[in-house]
Amino acid sequence: MPFGLTNAPAAFQQFMNNIFSNLLDVYVMIYLDNILIYSNNMSEHYQHVKKVLKYLCKASLCAKAEKCKLYSKLVEYMGYILSPSGLTMSDDKVKII
């Protein structure tokens, strides 16, 4: 019989939603442990990143530096490429189809 939290991904998603409740859909999107921070300009983005990191620290969570992409204009997120020009599908996903 397996031990551990039943429905752990949903519980973790709810935990993350509670931590970032006032930032969600303002300049943060979260899916499990993937946090996307978006801004209109770099000075604003710096403040947003700083605030998200403070929220993580306050919740006793940390981000693994080698898995973070900070201040990128082109990001692959959930199979999509996000850029200032818009949303496109990842080439890897298109090849599979």
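## A short tour, starting at a strand pair

Welcome! Begin by selecting residues 80–83, strand β4, together with residues 86–89, strand β5: in this predicted model, the two strands pair in the antiparallel sense over 4 bridges.

Now look at how β4 passes into β5. A hairpin makes the join, using 2 residues.

Next, pick out Tyr 80. Which residue is its bridge partner in β5? Select Met 89 and you have found the partner.

Time to zoom out and colour the protein chain by secondary structure.

With the cartoon still on screen, switch to the C-alpha trace and turn it slowly. Along its principal axes, the trace of the protein chain spans about 45 × 40 × 25 Å.

Now show the contacts. Among those in the protein chain with a separation of 6 or more, 33% are between residues 24 or more positions apart.

What share of the 97 residues is buried? Buried residues make up 20% of them.

For the last stop, colour the side chains by charge. The protein chain carries 10 positive and 7 negative side chains. How far apart do the centres of the two sets lie? The distance between these centres is 8 Å.

Definitions and conventions: Residues numbered from 1 in each chain as written. Predicted model: local features only at pLDDT ≥ 70, side-chain atom pairs only at ≥ 80, totals over all residues. Heavy atoms only, no water. Buried < 20%, exposed > 50% of the residue type's maximum accessible area, 1.4 Å probe, protein only. Contact = heavy atoms within 4.5 Å. Lys, Arg positive; Asp, Glu negative; His and termini not counted. Charge placed at Lys NZ, Arg CZ, Asp CG, Glu CD. Pairing = 2+ DSSP bridges.
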